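The following note is intended for a colleague meeting this structure for the first time. Please read the numbered points alongside the model.

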Amino acid sequence: MIIKDVQVHYRNIPLLVPFKTALRQANEIDSIEVEITLDNGIKGTGAAAPTVVITGDSTESIMSVAAGPVKEALSGHDLRDFQGALKKVQRCCTGNTSAKAAADIALYDAYSKWLNIPLYAYLGGQKNLRTSMTIGVDTPEKMAWDAEKSVESGFHLLKIKVGTYPEIDLERIEAVRRAVPPDVKLRLDANQAWEPKQAVQILQELEKKDFGIEFVEQPVRADDWEGLKFVTERTKLPVMADESLFSAKDALKLIAGRFADLINIKLMKCGGISEAWKIADIAEANGVKCMVGSMMEPSLSVAAAAHFAAAHPNVAYMDLDAPLWLSEEPDHLTYDGEDVLLSDQPGIGIVQPV
Ligand code: MG
């Protein structure tokens with residue numbers, strides 16, 4: 001069970017259509033894959049994608065950390081000490097959560113392959129996974145059209161990106177609401193674009209209407225925790241922290257100070273499944289529900305997040321549609337409309353075209 005090699009591979013994957021949020025527009029993603037080989041022949045693979053505006057991690061930094069400190073920390077480690085290997089990844093450098101996530105995922109993949117069971121079975125749960133579909137920020141008409149198409153494809157949960165030109169955000173949300181049946185729930189994501197007072201104004205306006213809004217993600221700037229609390233205290237709509245929260249330490253502070261009602265966990269922000277599990281545990285102990293989301297990421301890392309989401313009892317919401325935006329990974333993670341179907345193969349159950 002000795003780790004004898006750590007390889008780093010790079011792929012570029014074009015998106016089917018551009019992905020637009022208040023923070024950025026993406027037309028393609030870079031996928032950095034970390035492949036761990038054990039001396040018994042088992043291989044574990046993880047992946048990361050850079051979202052520099054959120055994590056600070058670039059393609060170059062992920063590749064160099066994975067091929068440098070991560071490889072150095074893991075080489076020669078006996079994976080029967082699985083927890084020790086996970087810790088070594090987290091402690092090999094500060095920051096760089098995306099590179100750490102790729103290595104952490106690869107370790108979980110290898111370890112559950114050694115046990116010869118799917119990752120969700122190793123983690124201990126198998127709940128059904130129903131994902132939202134994201135509607136990128138655009139004109140109200142275009143967003144309404146995209147929403148209609150998503151509902152036709154079988155989605156009942158829509159995540160509406162807002163925040164570019166906030167003065168038309170109400171119009172956008174109204175247009176989407178009018179375009180879809182009443183049983184479709186809406187989630188909003190401002191990606192940090194609103195000022196606190198502006199957010200309160202918009203959300204209080206929405207409260208007056210029966211729009212079926214489930215929650216609102218990251219209304220204000222990531223580092224403006226006081227602003228986040230200001231908004232949370234002044235709206236009845238549940239507020240979810242996304243870019244404001246990376247680690248289990250953040251979760252402790254955020255929950256103790258009641259800065260938000262809900263937490264969005266992403267493997268690229270927290271450094272992998274080991275830290276994600278701690279965040280969800282801390283939240284569960286305090287009665288705070290979690291969502292598992294992803295950045296625009298390859299199927300492999302989204303599948304790892306899906307195994308975690310299926311297993312942890314405190315994950316109540318899933319936002320795992322990223323692979324449906326990719327042009328080159330049609331069968332790596334299986335969807336049946338809005339349902340994400342996990343493989344019964346050992347490990348994550350995805351074979352990467354490395
Ligand atoms: Mg978000």
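1. Lys161 touches Phe19, Lys20, Thr21, Thr134, Ile135, Gly136, Val137, Met143, Asp189 and Asn191, leaving out residues up to four places away in sequence; contact means heavy atoms within 4.5 Å. Lys161 is found in strand β6, where strands (E, at least two residues) and helices (H or I, at least four) are DSSP runs numbered from the N terminus. With a relative accessible area of 5%, Lys161 is buried; buried means under 20% relative accessible area, exposed over 50% and partly exposed in between, with a 1.4 Å probe and protein chains only.

2. The model is predicted: local features need pLDDT of at least 70 and side-chain atom pairs count only at pLDDT 80 or more, whereas totals for chains, interfaces and linings use all residues. Residues are numbered from 1 along each chain as its sequence is written, and side-chain values use heavy atoms, with hydrogens and water left out.

3. An unreviewed UniProt entry gives the annotation "active site" to Lys161 and Lys266; such annotations may be inferred rather than shown by experiment. Both Lys161 and Lys266 belong to the lining of the largest cavity. A cavity is a set of points on a 1 Å grid over the protein atoms alone where a 1.4 Å probe fits but cannot get out, and lining residues have an atom within 4 Å of a point.

4. Lys266 is placed in the loop between β10 (262–265) and α11 (267–270). Lys266 is also buried, with a relative accessible area of 5%. Beyond its neighbours within four places in sequence, Lys266 is in contact with Asp242, Gly293, Ser294 and Met295.

5. Which residues coordinate the magnesium ion? They are Asp189 (OD), Glu217 (OE) and Asp242 (OD), at 2.0 to 2.3 Å. Donors are N, O and S atoms within 2.8 Å of the metal (3.2 Å for Na, K and Ca), and the site may look incomplete because water is not among the atoms. Asp189 lies in strand β7 and Asp242 in the loop between β9 (239–241) and α10 (248–256), so the pair ties together parts 53 residues apart in sequence. Asp189 is buried at 0% relative accessible area, and Asp242 counts as buried at 1%.

6. The largest nonpolar core has 114 residues, and Leu79, Leu107, Leu158 and Ile263 have the most contacts inside it. Such a core is a set of buried Ala, Val, Leu, Ile, Met, Phe, Trp, Tyr and Cys residues joined through side-chain atoms within 4.5 Å.

Terms used
1 Å grid on protein atoms, 1.4 Å probe; cavity = no way out; pocket = protein on both sides within 12 Å on 5 of 7 lines; lining within 4 Å.
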